Each structure stands twice: as C-alpha cells, then as structure tokens.
Amino acid sequence: LPMVVNPSSGFIINCNGTPYKTSAPGNNPKEEDFDKNFGIETDMKNRGLRALELFNADPSITEEEFYQYKYDLYYSKDSEIAECIRILLEAAPPKDQLLNDALAVLRDWDLQTNVENLNAALPISAFEPIIREDMEKTVENLHRELQTAAEALQKHFGAIRVPWGDVNHLARGDLSLPINGGPDILHAVYGIAQENGVRHGVAGDCYILMATWDEAGKLHSNSIHQFGSATQLEDSKHYADQAPLFADRKLKPVWMDKA
C-alpha cells in the first residue's frame with residue numbers, strides 16, 4: 001500500500017482522495033511505483049485540494065492557523081463546482097431569463113460558504129447532485145440542475161440570492177441553527193433539503209478534537225461534538241447543548257478528570 005511516513009514537509013492529509021497527493025511535492029508516493037491493477041484512485045476532491053493549498057503555502061503553521069485551516073469555508077478554483085461554473089459561463093447564453101439571472105449569481109460568487117453569502121445557495125444546490133452522482137458535466141445537464149435549483153429557491157425563499165445561513169442548517173430536536181460550510185468543504189456539512197427548502201446537515205463534520213503539544217511536551221486539547229454527549233437521550237440537557245458552539249465554530253476544553 002502507498003505510505004507516507006514522517007515527511008519532511010511536516011504534514012499529511014487525507015480527505016478520501018488519492019494517496020499520491022498526501023503531502024507537499026517531493027513527499028508523496030509515486031504513482032508509477034504501483035501497479036494500475038491495484039485500482040488506487042487518482043482523483044482529488046475539494047477538501048484535499050484546499051488542504052494542500054493551505055498547508056503548502058504556510059511553512060510554519062501555528063495553532064490558530066491550524067484552527068482556521070480546519071474551518072476553511074472555500075471551494076478551490078480547481079474544484080469540480082468551480083469547473084461547473086466555468087463551463088456555463090463560457091457557454092452560449094441561454095434564452096431563459098431565470099437562467100440568465102442564475103448565471104449572474106454564479107459570476108458573482110466568491111466560492112465561499114459563510115452564512116452571510118448571498119451567492120452560495122444556488123450553485124451548491126444546483127451542482128452538488130451532479131458532483132455526488134458523477135453526472136456528465138454537459139451544458140444541458142448543468143442548465144437543467146441550475147434551473148431546478150433556482151426555481152426551488154424562488155419557491156421557498158422568494159429569491160435566488162439567499163443568505164447561505166437561511167438555507168444551510170444544523171438541526172437537532174427543537175434547534176435549527178444557521179451553519180457555515182457545505183458539501184466537500186473542509187468545514188464539511190452535507191445537507192438534505194426539507195419540505196421548506198432548508199437543508200439539514202446529515203453528514204460531514206461531527207466530533208472534532210484538536211491537540212497541541214508545547215515545546216516542553218505539555219499537552220492541551222479542545223473538542224466539540226455537533227450535538228452533545230447524550231445523543232440518544234432526548235430528555236438530557238446534553239442532547240443538543242454543544243450544537244450552538246458547533247454552529248459558531250467554537251471548541252470547548254477537553255476535561256481530563258471528573259471535577
């Protein structure tokens with residue numbers, strides 16, 4: 001199996017992508033060293049692309065920088081969703097007015113998934129199914145999904161430019177909280193649309209722990225769970241008490257004794 005052990009770069013990443021891009025250039029297994037009959041994947045999704053873009057650009061990563069990178073909210077310009085947008089913007093303009101309005105949203109999007117973003121809901125709703133189902137990225141397919149997404153946003157929210165936080169939610173019990181991030185974002189949130197058009201996160205980030213050793217070897221750590229520590233007990237105060245922290249991208253100390 002391909003392996004990376006103690007690379008000189010000081011980091012390894014894996015986001016369900018190819019092992020041939022696990023660290024900085026010169027620190028990775030070489031594809032030519034492994035028989036193609038092994039069936040080792042060679043593709044890279046957005047999380048892997050963004051992780052390498054961030055880590056490769058920073059030779060000395062602080063604890064705070066590492067936190068910021070973990071909660072990165074951008075799609076890479078080399079991501080599949082960015083490719084979908086490029087294909088449509090380079091194609092002949094459609095005659096349908098709604099599609100033309102939708103293309104203006106795509107043109108204005110900065111590829112970020114912050115809750116305030118007015119342009120994220122449309123492309124994510126439109127192209128996430130194409131990427132997930134590995135559909136062919138033809139102009140016809142992309143136009144169809146874009147039209148469907150635009151019509152759904154208009155139906156449920158009255159516009160195609162909608163704050164991403166109105167659409168993307170962390171839901172638990174009586175809580176329904178706006179949340180940053182999105183499908184295949186380093187702050188990963190994979191949602192399913194409800195009857196009211198709001199997407200409830202069903203996969204992605206869950207339990208997160210960050211551990212730091214100082215120069216003296218002393219350890220401290222912080223963690224968070226997307227709901228709480230009593231996920232099966234609806235009458236417990238810990239059923240969803242960590243959800244507001246999680247939605248705010250905050251961690252809590254890891255307590256090491258009962259007191």
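Which helices do the buried residues of α4 pack against? In this predicted model, the buried residues of α4 pack against α3 (80-90), α5 (121-132) and α6, and the close-up views below begin with that helix.

View 1. Helix α4 has twelve residues and spans 17 Å from its first C-alpha to its last, which is close to the 16 Å expected at 1.5 Å a residue. Leu98, Leu99, Ala102, Leu103, Val105 and Leu106 are the buried residues in α4, and, seen down the helix axis, the buried residues fall within an arc of 155°, so they line one face of α4. An α-helix has 3.6 residues a turn, so residues three or four places apart point the same way. The face of α4 turned away from this buried side carries Gln97 and Arg107, which are exposed.

**View 2. The crossing of helices α4 and α6.** The axes of α4 (residues 97-108) and α6 (residues 139-157) come within 10 Å and cross at roughly 90°, which makes α4 roughly perpendicular to α6. From α4, the residues that take part in the contact are Leu98, Leu99, Ala102, Leu103 and Leu106, and they meet His143, Leu146, Gln147, Ala150, Glu151 and Gln154 of α6. By class, this contact of α4 with α6 has seven nonpolar, three polar and one charged residues.

**View 3. Helix α6 and the elements that cover it.** Helix α6 has 19 residues and reaches 26 Å from its first C-alpha to its last, close to the 27 Å expected at 1.5 Å a residue. Its buried residues are Asn141, Leu142, His143, Glu145, Leu146, Gln147, Ala149, Ala150 and Leu153, and what covers them includes α3, α4, α5 and α7 (164-167). Just after α6, Gly158 takes a positive phi of about 80°.

**View 4. The buried side of helix α2.** In helix α2 (residues 63-70), Tyr67, Tyr69 and Lys70 are buried, and these residues cover an arc of only 165° around the axis, which puts them on the same side of α2. The elements against which the buried residues of α2 pack are α1 (46-56) and β5 (208-213).

View 5. Ala247 lies in helix α8 (residues 243-247) and has a relative accessible area of 7%, so Ala247 is buried, given that the cut-off for a buried residue is under 20%. Leaving aside neighbours within four places in sequence, Ala247 is in contact with Leu170, Leu177, Pro178, Ile179 and Asn180. Phe227 is 20 residues apart from Ala247 along the chain, and the C-alpha atoms of Ala247 and Phe227 are separated by 9.8 Å.

View 6. Asn16, which lies in the segment before α1, has a phi near 60°, a positive value in a residue other than glycine. Asn16 is exposed, with a relative accessible area of 60%. Arg249 is placed in the loop between α8 and β7 (252-253), and although Arg249 is not a glycine, its phi is positive at about 60°. With a relative accessible area of 25%, Arg249 is partly exposed.

Conventions. Residues are numbered from 1 along each chain as its sequence is written. This is a predicted model: local features need pLDDT of at least 70, side-chain atom pairs count only at pLDDT 80 or more; totals for chains, interfaces and linings use all residues. Side-chain values use heavy atoms; hydrogens and water are left out. Axes are lines fitted to C-alpha atoms, for helices over the stretch in contact, and angles run from 0 to 180 degrees between N-to-C directions. Helices (H or I, at least four residues) and strands (E, at least two) are DSSP runs, numbered from the N terminus. Angles under 35 degrees count as roughly parallel, over 145 as roughly antiparallel, 65 to 115 as roughly perpendicular and the rest as oblique. Contact means heavy atoms within 4.5 Å. Ala, Val, Leu, Ile, Met, Phe, Trp, Tyr, Cys and Pro count as nonpolar, Asp, Glu, Lys and Arg as charged, and the others, Gly among them, as polar. The expected span of a helix is 1.5 Å times one less than its number of residues. Buried means under 20% relative accessible area, exposed over 50%, partly exposed in between (1.4 Å probe, protein chains only). The arc is that of the directions from the helix axis to the C-beta atoms.
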